[in-house]
Amino acid sequence: MRVSGNRHLTYCTNIHPARGLAEVVHSVRQYGGILKRALSPSAPFGIGLRLSGSESVEASRPPGLALLRQVLNEQGLYVFTMNGFPYGPFHGQPIKDDVHRPDWSDPERVNYTMRLARILASVLPQGMEGGISTSPLSYKPWLREVGRNIWHVYVDHLVTVVEELTRIRHETGCRIHVDIEPEPDGLLETSTEVVRFYNDWLFPIGIPQLAAKSGVGTSEAETLLREHLRVCLDTCHVAVAYETAAGFIDNLARSGIRVGKVQISSAIKLQLAVGRRAVEAALRPFKEPIYLHQVVQKNRDGTLTAYRDLDDAWLHLADGNAVEWRIHFHVPIFVGSFGQLASTRDTITDTLPLLGSVQHLEIETYTWEVLPAELKQPLAASIQREFEWVLGALPTT
(Lines give C-alpha, C1' and ligand atoms only; values in the text may rest on other atoms or scores of the structure.)
Protein backbone atom coordinates (compact mmCIF):
# COMPACT_ATOMS: atom_id res chain seq x y z
CA MET A 1 0.00 0.00 0.00
CA ARG A 2 1.18 3.49 -0.74
CA VAL A 3 2.05 5.24 2.52
CA SER A 4 3.52 8.50 1.17
CA GLY A 5 4.74 9.77 -2.18
CA ASN A 6 6.50 6.87 -3.88
CA ARG A 7 6.90 4.85 -0.67
CA HIS A 8 5.04 1.56 -0.35
CA LEU A 9 4.46 -0.80 2.58
CA THR A 10 3.74 -4.51 2.28
CA TYR A 11 4.31 -7.83 3.98
CA CYS A 12 6.25 -10.78 2.61
CA THR A 13 4.28 -13.83 1.49
CA ASN A 14 7.12 -16.11 2.61
CA ILE A 15 5.07 -16.47 5.79
CA HIS A 16 2.56 -18.67 3.95
CA PRO A 17 3.49 -22.33 3.40
CA ALA A 18 3.20 -23.20 -0.28
CA ARG A 19 4.29 -25.96 -2.63
CA GLY A 20 3.68 -24.81 -6.17
CA LEU A 21 2.36 -21.68 -7.82
CA ALA A 22 -1.29 -22.63 -7.31
CA GLU A 23 -0.79 -22.61 -3.51
CA VAL A 24 1.06 -19.28 -3.69
CA VAL A 25 -1.80 -17.76 -5.67
CA HIS A 26 -4.33 -19.21 -3.21
CA SER A 27 -2.61 -17.55 -0.23
CA VAL A 28 -2.29 -14.25 -2.12
CA ARG A 29 -6.00 -14.35 -2.94
CA GLN A 30 -7.02 -15.30 0.60
CA TYR A 31 -4.81 -13.07 2.73
CA GLY A 32 -4.27 -10.28 0.23
CA GLY A 33 -8.00 -9.88 -0.15
CA ILE A 34 -8.62 -9.83 3.62
CA LEU A 35 -5.85 -7.29 4.25
CA LYS A 36 -6.87 -5.02 1.40
CA ARG A 37 -10.44 -4.83 2.66
CA ALA A 38 -9.21 -4.06 6.17
CA LEU A 39 -6.32 -1.69 5.44
CA SER A 40 -6.78 -0.25 1.95
CA PRO A 41 -10.41 -0.62 0.87
CA SER A 42 -10.35 2.24 -1.64
CA ALA A 43 -6.83 1.88 -3.08
CA PRO A 44 -4.68 -0.95 -4.44
CA PHE A 45 -2.85 -3.03 -1.84
CA GLY A 46 0.77 -4.07 -2.33
CA ILE A 47 2.11 -7.60 -1.89
CA GLY A 48 5.72 -8.63 -1.24
CA LEU A 49 5.78 -11.80 -3.33
CA ARG A 50 7.95 -14.82 -2.58
CA LEU A 51 8.37 -17.54 -5.20
CA SER A 52 10.62 -20.56 -4.73
CA GLY A 53 12.91 -21.68 -7.51
CA SER A 54 10.40 -24.12 -8.97
CA GLU A 55 7.53 -21.66 -8.53
CA SER A 56 9.52 -19.03 -10.43
CA VAL A 57 9.76 -21.47 -13.34
CA GLU A 58 5.97 -21.97 -13.25
CA ALA A 59 5.32 -18.23 -13.10
CA SER A 60 7.68 -17.62 -16.03
CA ARG A 61 5.44 -19.66 -18.33
CA PRO A 62 2.41 -17.98 -19.94
CA PRO A 63 -0.28 -19.95 -18.01
CA GLY A 64 1.43 -19.33 -14.67
CA LEU A 65 1.98 -15.64 -15.33
CA ALA A 66 -1.62 -15.26 -16.48
CA LEU A 67 -2.82 -16.92 -13.26
CA LEU A 68 -0.73 -14.56 -11.14
CA ARG A 69 -1.94 -11.50 -13.02
CA GLN A 70 -5.53 -12.69 -12.73
CA VAL A 71 -5.50 -12.93 -8.93
CA LEU A 72 -3.76 -9.57 -8.58
CA ASN A 73 -6.35 -7.88 -10.79
CA GLU A 74 -9.29 -9.65 -9.15
CA GLN A 75 -8.26 -8.65 -5.64
CA GLY A 76 -6.99 -5.13 -6.34
CA LEU A 77 -3.40 -6.09 -5.48
CA TYR A 78 -0.03 -5.20 -6.93
CA VAL A 79 3.54 -6.46 -6.53
CA PHE A 80 6.44 -4.03 -6.20
CA THR A 81 8.97 -6.15 -4.31
CA MET A 82 9.93 -9.81 -4.20
CA ASN A 83 11.88 -11.93 -1.74
CA GLY A 84 14.52 -13.80 -3.73
CA PHE A 85 16.58 -14.97 -0.74
CA PRO A 86 15.17 -18.44 0.11
CA TYR A 87 15.15 -20.63 -2.97
CA GLY A 88 13.72 -23.92 -1.72
CA PRO A 89 10.89 -24.91 0.62
CA PHE A 90 10.57 -22.49 3.52
CA HIS A 91 8.16 -24.22 5.91
CA GLY A 92 7.44 -27.61 7.40
CA GLN A 93 10.94 -29.10 7.29
CA PRO A 94 14.39 -28.24 8.69
CA ILE A 95 15.94 -25.45 6.63
CA LYS A 96 18.77 -24.04 8.76
CA ASP A 97 21.79 -23.11 6.59
CA ASP A 98 20.13 -24.56 3.47
CA VAL A 99 18.35 -21.20 3.21
CA HIS A 100 21.58 -19.99 1.55
CA ARG A 101 21.49 -22.67 -1.18
CA PRO A 102 22.15 -22.07 -3.99
CA ASP A 103 24.55 -19.26 -3.14
CA TRP A 104 25.91 -16.67 -5.55
CA SER A 105 28.66 -18.99 -6.76
CA ASP A 106 25.98 -21.20 -8.36
CA PRO A 107 24.62 -20.24 -11.80
CA GLU A 108 21.14 -21.27 -10.67
CA ARG A 109 21.13 -18.36 -8.20
CA VAL A 110 21.75 -16.10 -11.20
CA ASN A 111 19.04 -17.74 -13.30
CA TYR A 112 16.54 -17.68 -10.43
CA THR A 113 17.12 -13.97 -9.81
CA MET A 114 16.74 -13.15 -13.50
CA ARG A 115 13.50 -15.15 -13.67
CA LEU A 116 12.15 -13.18 -10.73
CA ALA A 117 13.15 -9.93 -12.44
CA ARG A 118 11.26 -10.88 -15.62
CA ILE A 119 8.19 -11.88 -13.60
CA LEU A 120 8.30 -8.65 -11.60
CA ALA A 121 8.64 -6.57 -14.77
CA SER A 122 5.50 -8.31 -16.10
CA VAL A 123 3.32 -7.35 -13.11
CA LEU A 124 4.94 -4.10 -11.87
CA PRO A 125 2.57 -1.13 -12.13
CA GLN A 126 3.64 1.45 -14.69
CA GLY A 127 6.04 4.06 -13.35
CA MET A 128 6.77 2.11 -10.14
CA GLU A 129 10.24 0.95 -9.07
CA GLY A 130 10.70 -2.77 -8.44
CA GLY A 131 13.06 -4.58 -6.09
CA ILE A 132 14.20 -8.12 -5.29
CA SER A 133 16.00 -8.90 -2.04
CA THR A 134 18.62 -11.63 -2.21
CA SER A 135 21.08 -13.56 -0.07
CA PRO A 136 24.31 -12.10 1.37
CA LEU A 137 26.29 -13.97 -1.33
CA SER A 138 26.79 -17.11 0.79
CA TYR A 139 26.93 -18.58 4.29
CA LYS A 140 30.16 -17.58 6.02
CA PRO A 141 30.90 -20.91 7.79
CA TRP A 142 30.97 -22.64 4.38
CA LEU A 143 33.79 -20.41 3.18
CA ARG A 144 36.40 -20.44 5.92
CA GLU A 145 38.93 -22.17 3.65
CA VAL A 146 37.85 -20.80 0.27
CA GLY A 147 40.39 -18.74 -1.69
CA ARG A 148 40.10 -15.28 -3.17
CA ASN A 149 38.89 -16.53 -6.55
CA ILE A 150 35.39 -17.02 -5.17
CA TRP A 151 34.92 -13.24 -4.96
CA HIS A 152 35.52 -13.01 -8.71
CA VAL A 153 32.75 -15.55 -9.25
CA TYR A 154 30.29 -13.55 -7.13
CA VAL A 155 31.09 -10.36 -9.02
CA ASP A 156 30.82 -12.06 -12.41
CA HIS A 157 27.40 -13.46 -11.53
CA LEU A 158 26.13 -10.15 -10.15
CA VAL A 159 27.32 -8.36 -13.30
CA THR A 160 25.36 -10.88 -15.37
CA VAL A 161 22.22 -9.98 -13.41
CA VAL A 162 22.85 -6.24 -13.87
CA GLU A 163 23.15 -6.83 -17.63
CA GLU A 164 19.72 -8.50 -17.54
CA LEU A 165 18.19 -5.73 -15.44
CA THR A 166 19.54 -3.18 -17.90
CA ARG A 167 17.98 -5.11 -20.80
CA ILE A 168 14.66 -5.27 -18.95
CA ARG A 169 14.71 -1.51 -18.45
CA HIS A 170 15.45 -0.88 -22.13
CA GLU A 171 12.72 -3.30 -23.25
CA THR A 172 9.97 -2.47 -20.76
CA GLY A 173 10.86 0.78 -19.02
CA CYS A 174 10.81 -1.04 -15.65
CA ARG A 175 13.57 -0.08 -13.22
CA ILE A 176 14.36 -3.07 -11.00
CA HIS A 177 17.11 -3.37 -8.40
CA VAL A 178 18.48 -6.42 -6.57
CA ASP A 179 18.95 -5.75 -2.85
CA ILE A 180 21.67 -7.76 -1.09
CA GLU A 181 20.52 -8.63 2.43
CA PRO A 182 23.20 -8.85 5.15
CA GLU A 183 22.31 -11.28 7.91
CA PRO A 184 24.02 -13.00 10.85
CA ASP A 185 26.64 -15.49 9.61
CA GLY A 186 26.01 -14.48 6.03
CA LEU A 187 29.15 -13.86 4.03
CA LEU A 188 28.08 -10.23 4.30
CA GLU A 189 26.59 -9.67 7.75
CA THR A 190 27.42 -6.04 8.64
CA SER A 191 27.49 -2.73 6.83
CA THR A 192 31.29 -2.75 7.09
CA GLU A 193 31.47 -6.05 5.22
CA VAL A 194 29.05 -4.79 2.57
CA VAL A 195 31.14 -1.66 2.00
CA ARG A 196 34.31 -3.73 1.81
CA PHE A 197 32.76 -6.01 -0.81
CA TYR A 198 31.61 -3.08 -2.96
CA ASN A 199 34.88 -1.15 -2.72
CA ASP A 200 37.35 -4.05 -2.85
CA TRP A 201 35.59 -6.40 -5.27
CA LEU A 202 32.37 -5.26 -6.94
CA PHE A 203 33.56 -1.90 -8.24
CA PRO A 204 37.19 -2.73 -9.16
CA ILE A 205 36.21 -5.93 -10.98
CA GLY A 206 32.62 -5.29 -11.95
CA ILE A 207 32.90 -1.81 -13.49
CA PRO A 208 35.41 -2.70 -16.24
CA GLN A 209 33.70 -6.06 -16.77
CA LEU A 210 30.26 -4.50 -17.22
CA ALA A 211 31.69 -1.77 -19.43
CA ALA A 212 33.32 -4.36 -21.71
CA LYS A 213 30.25 -6.60 -21.88
CA SER A 214 27.74 -3.78 -22.39
CA GLY A 215 29.80 -1.52 -24.60
CA VAL A 216 29.44 1.48 -22.29
CA GLY A 217 31.96 3.73 -20.61
CA THR A 218 33.24 2.99 -17.13
CA SER A 219 31.30 5.91 -15.66
CA GLU A 220 28.01 4.56 -17.01
CA ALA A 221 28.93 1.04 -15.90
CA GLU A 222 29.47 2.29 -12.37
CA THR A 223 26.12 4.10 -12.48
CA LEU A 224 24.40 0.88 -13.59
CA LEU A 225 25.99 -1.15 -10.79
CA ARG A 226 25.00 1.41 -8.15
CA GLU A 227 21.48 1.70 -9.58
CA HIS A 228 20.73 -2.00 -9.89
CA LEU A 229 22.67 -3.48 -6.94
CA ARG A 230 21.46 -2.06 -3.65
CA VAL A 231 21.16 -3.29 -0.08
CA CYS A 232 18.25 -4.64 1.94
CA LEU A 233 18.33 -3.36 5.51
CA ASP A 234 16.61 -5.90 7.75
CA THR A 235 16.02 -4.29 11.15
CA CYS A 236 16.23 -7.65 12.94
CA HIS A 237 19.62 -8.39 11.39
CA VAL A 238 20.97 -4.92 12.15
CA ALA A 239 19.97 -5.30 15.79
CA VAL A 240 21.45 -8.80 16.15
CA ALA A 241 24.76 -7.49 14.76
CA TYR A 242 24.73 -4.71 17.39
CA GLU A 243 24.70 -2.07 14.66
CA THR A 244 22.51 1.00 14.76
CA ALA A 245 20.25 1.98 11.90
CA ALA A 246 21.97 5.36 11.61
CA GLY A 247 25.42 3.78 11.60
CA PHE A 248 24.38 1.18 9.01
CA ILE A 249 22.88 3.75 6.64
CA ASP A 250 25.71 6.27 7.09
CA ASN A 251 28.36 3.62 6.46
CA LEU A 252 26.75 2.72 3.14
CA ALA A 253 26.09 6.33 2.17
CA ARG A 254 29.75 7.30 2.55
CA SER A 255 30.51 4.88 -0.30
CA GLY A 256 27.47 5.85 -2.35
CA ILE A 257 25.70 2.54 -1.73
CA ARG A 258 21.91 2.77 -1.70
CA VAL A 259 19.37 0.99 0.47
CA GLY A 260 16.73 -0.46 -1.84
CA LYS A 261 14.43 -2.05 0.73
CA VAL A 262 13.88 -2.02 4.47
CA GLN A 263 12.56 -5.26 5.92
CA ILE A 264 10.75 -4.57 9.18
CA SER A 265 11.29 -7.31 11.75
CA SER A 266 12.27 -7.80 15.38
CA ALA A 267 14.70 -10.13 17.11
CA ILE A 268 14.71 -11.46 20.68
CA LYS A 269 16.78 -9.56 23.22
CA LEU A 270 17.42 -10.70 26.78
CA GLN A 271 19.51 -9.61 29.71
CA LEU A 272 21.34 -12.52 31.27
CA ALA A 273 21.52 -10.79 34.63
CA VAL A 274 17.95 -11.92 35.38
CA GLY A 275 19.26 -15.38 36.23
CA ARG A 276 20.22 -18.34 34.11
CA ARG A 277 17.35 -20.59 35.16
CA ALA A 278 14.80 -17.90 34.36
CA VAL A 279 16.44 -17.32 30.97
CA GLU A 280 16.48 -21.02 30.20
CA ALA A 281 12.79 -21.36 31.00
CA ALA A 282 11.91 -18.29 28.92
CA LEU A 283 13.92 -19.42 25.89
CA ARG A 284 12.96 -23.08 25.83
CA PRO A 285 9.77 -22.52 23.76
CA PHE A 286 11.91 -20.86 21.07
CA LYS A 287 14.16 -23.88 20.52
CA GLU A 288 12.78 -25.26 17.27
CA PRO A 289 14.32 -27.28 14.44
CA ILE A 290 13.26 -25.40 11.30
CA TYR A 291 15.23 -22.13 11.07
CA LEU A 292 18.67 -20.88 11.99
CA HIS A 293 18.53 -18.72 15.12
CA GLN A 294 21.98 -17.19 15.34
CA VAL A 295 22.91 -15.64 18.69
CA VAL A 296 25.24 -12.72 19.30
CA GLN A 297 26.37 -12.32 22.88
CA LYS A 298 27.54 -9.04 24.39
CA ASN A 299 30.21 -9.51 27.02
CA ARG A 300 31.06 -7.45 30.09
CA ASP A 301 34.02 -5.85 28.32
CA GLY A 302 31.88 -4.83 25.34
CA THR A 303 33.18 -7.53 23.00
CA LEU A 304 30.81 -9.77 21.04
CA THR A 305 30.68 -13.56 20.80
CA ALA A 306 28.70 -15.19 17.98
CA TYR A 307 27.01 -18.60 18.00
CA ARG A 308 25.74 -20.29 14.84
CA ASP A 309 22.41 -21.33 16.36
CA LEU A 310 20.45 -21.16 19.60
CA ASP A 311 21.37 -24.78 20.36
CA ASP A 312 25.07 -23.82 20.24
CA ALA A 313 24.57 -20.79 22.44
CA TRP A 314 22.55 -22.87 24.91
CA LEU A 315 25.74 -24.66 25.95
CA HIS A 316 27.14 -21.32 27.14
CA LEU A 317 24.25 -20.10 29.28
CA ALA A 318 26.48 -20.30 32.34
CA ASP A 319 29.12 -17.98 30.83
CA GLY A 320 29.65 -15.43 33.59
CA ASN A 321 31.14 -12.95 31.13
CA ALA A 322 27.90 -12.65 29.13
CA VAL A 323 25.48 -9.80 29.84
CA GLU A 324 23.09 -9.88 26.85
CA TRP A 325 21.95 -12.12 24.02
CA ARG A 326 20.35 -11.05 20.77
CA ILE A 327 18.75 -13.91 18.87
CA HIS A 328 17.84 -14.06 15.20
CA PHE A 329 14.28 -15.18 15.81
CA HIS A 330 11.65 -12.98 14.18
CA VAL A 331 9.00 -12.13 16.75
CA PRO A 332 5.85 -10.05 16.16
CA ILE A 333 6.78 -6.41 15.76
CA PHE A 334 3.84 -5.24 17.85
CA VAL A 335 5.33 -6.99 20.91
CA GLY A 336 7.93 -5.11 22.93
CA SER A 337 8.42 -7.66 25.69
CA PHE A 338 7.11 -11.06 26.74
CA GLY A 339 7.96 -12.36 30.19
CA GLN A 340 11.72 -12.30 30.77
CA LEU A 341 12.37 -11.57 27.09
CA ALA A 342 12.27 -8.36 25.09
CA SER A 343 12.40 -7.54 21.40
CA THR A 344 14.63 -5.26 19.36
CA ARG A 345 11.65 -3.20 18.23
CA ASP A 346 13.54 -0.02 19.11
CA THR A 347 15.73 -0.63 16.05
CA ILE A 348 12.60 -0.37 13.90
CA THR A 349 11.55 2.92 15.47
CA ASP A 350 15.11 4.20 15.04
CA THR A 351 15.09 3.20 11.34
CA LEU A 352 11.75 4.61 10.19
CA PRO A 353 12.74 8.31 10.44
CA LEU A 354 15.90 7.62 8.37
CA LEU A 355 14.31 6.18 5.24
CA GLY A 356 15.37 9.01 2.94
CA SER A 357 14.78 7.92 -0.65
CA VAL A 358 13.93 4.29 0.22
CA GLN A 359 10.66 3.40 -1.49
CA HIS A 360 10.11 -0.20 -0.35
CA LEU A 361 9.11 -1.29 3.15
CA GLU A 362 8.30 -4.94 3.84
CA ILE A 363 7.11 -6.51 7.09
CA GLU A 364 8.78 -9.90 7.45
CA THR A 365 7.73 -11.94 10.45
CA TYR A 366 7.84 -15.44 8.93
CA THR A 367 7.91 -17.53 12.12
CA TRP A 368 4.19 -17.68 12.99
CA GLU A 369 4.11 -21.48 12.70
CA VAL A 370 6.94 -21.97 15.22
CA LEU A 371 6.12 -19.20 17.71
CA PRO A 372 5.08 -20.16 21.25
CA ALA A 373 1.32 -20.37 21.65
CA GLU A 374 1.07 -17.23 23.78
CA LEU A 375 2.35 -15.08 20.88
CA LYS A 376 -0.04 -16.51 18.29
CA GLN A 377 -3.31 -15.11 17.03
CA PRO A 378 -5.20 -15.96 13.84
CA LEU A 379 -2.74 -15.23 11.04
CA ALA A 380 -4.71 -12.56 9.15
CA ALA A 381 -5.35 -10.68 12.40
CA SER A 382 -1.67 -10.89 13.31
CA ILE A 383 -0.53 -9.52 9.95
CA GLN A 384 -3.08 -6.72 10.17
CA ARG A 385 -1.90 -5.86 13.67
CA GLU A 386 1.69 -5.60 12.39
CA PHE A 387 0.59 -3.26 9.60
CA GLU A 388 -1.29 -1.09 12.07
CA TRP A 389 1.75 -0.89 14.35
CA VAL A 390 4.00 0.20 11.46
CA LEU A 391 1.47 2.73 10.20
CA GLY A 392 1.33 4.21 13.69
CA ALA A 393 5.12 4.32 13.96
CA LEU A 394 5.86 5.90 10.58
CA PRO A 395 6.79 9.59 10.78
CA THR A 396 3.93 11.82 9.70
CA THR A 397 6.13 14.06 7.55
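Two strands count as paired here if DSSP finds at least two bridges between them, and the strands (E, at least two residues) and helices (H or I, at least four) are DSSP runs numbered from the N terminus. The model is a predicted one, so to speak of local features a pLDDT of at least 70 is needed, side-chain atom pairs count only at pLDDT 80 or more, and totals for chains, interfaces and linings use all residues. Residues are numbered from 1 along each chain as its sequence is written, and side-chain values use heavy atoms, with hydrogens and water left out.

On those terms, six strands form an open sheet with antiparallel pairing, in the order S11-S10-S12-S9-S14-S13. Its edges are strand S11 (304-307) and strand S13 (337-338), each of which pairs on one side only. Further in, strand S9 (residues 266-271) runs antiparallel to strand S12 (residues 322-331), and the two are joined over five bridges. In this pairing Ser 266 sits opposite Val 331 of S12.

Ser 266 turns up again around helix H12 (residues 345-351), which is where Ile 348 is found. Ile 348 is buried, at a relative accessible area of 0%; buried means under 20%, exposed over 50% and partly exposed in between, using a 1.4 Å probe and protein chains only. Leaving aside residues up to four places away in sequence, Ile 348 touches Thr 235, Ile 264, Ser 265, Ser 266, Ile 333 and Trp 389, where contact means heavy atoms within 4.5 Å. Ala 393 is 45 residues from Ile 348 in sequence, while their C-alpha atoms are 8.8 Å apart in space.

Strand S5 (residues 130-134) is another enclosed spot. Five of its five residues are buried, so S5 is largely enclosed by the rest of the structure. In a regular strand the side chains alternate between the two faces of the sheet. For S5 both faces are covered, with Gly 130, Ile 132 and Thr 134 buried on one side and Gly 131 and Ser 133 buried on the other. S5 pairs in the parallel sense with S4 over three bridges, and Gly 131 is the bridge partner of Thr 81. The pairing of S5 with S6 is also parallel, over five bridges, and there Ser 133 stands opposite Asp 179.

S4, H4 and S5 together make a right-handed β-α-β unit; right-handed means that, with the strands pointing away from the viewer, the path from the first strand over the helix to the second runs clockwise. H4 also packs against helix H2 (residues 53-60), at an angle of about 40° and with the axes 9 Å apart. The axes are lines fitted to C-alpha atoms over the stretch in contact, and angles run from 0 to 180 degrees between N-to-C directions. H2 and H4 are therefore oblique to each other, given that angles under 35 degrees count as roughly parallel, over 145 as roughly antiparallel, 65 to 115 as roughly perpendicular and the rest as oblique. On the H2 side the contact is made by Gly 53, Ser 56, Val 57, Ala 59 and Ser 60, and on the H4 side by Tyr 112, Arg 115, Leu 116 and Ile 119.

Between strand S4 (77-83) and helix H4 (107-123) lies Pro 102, joined to Arg 101 by a cis peptide bond with omega about -15°. Lys 96, in that loop between S4 and H4, has a positive phi of about 45° without being a glycine.
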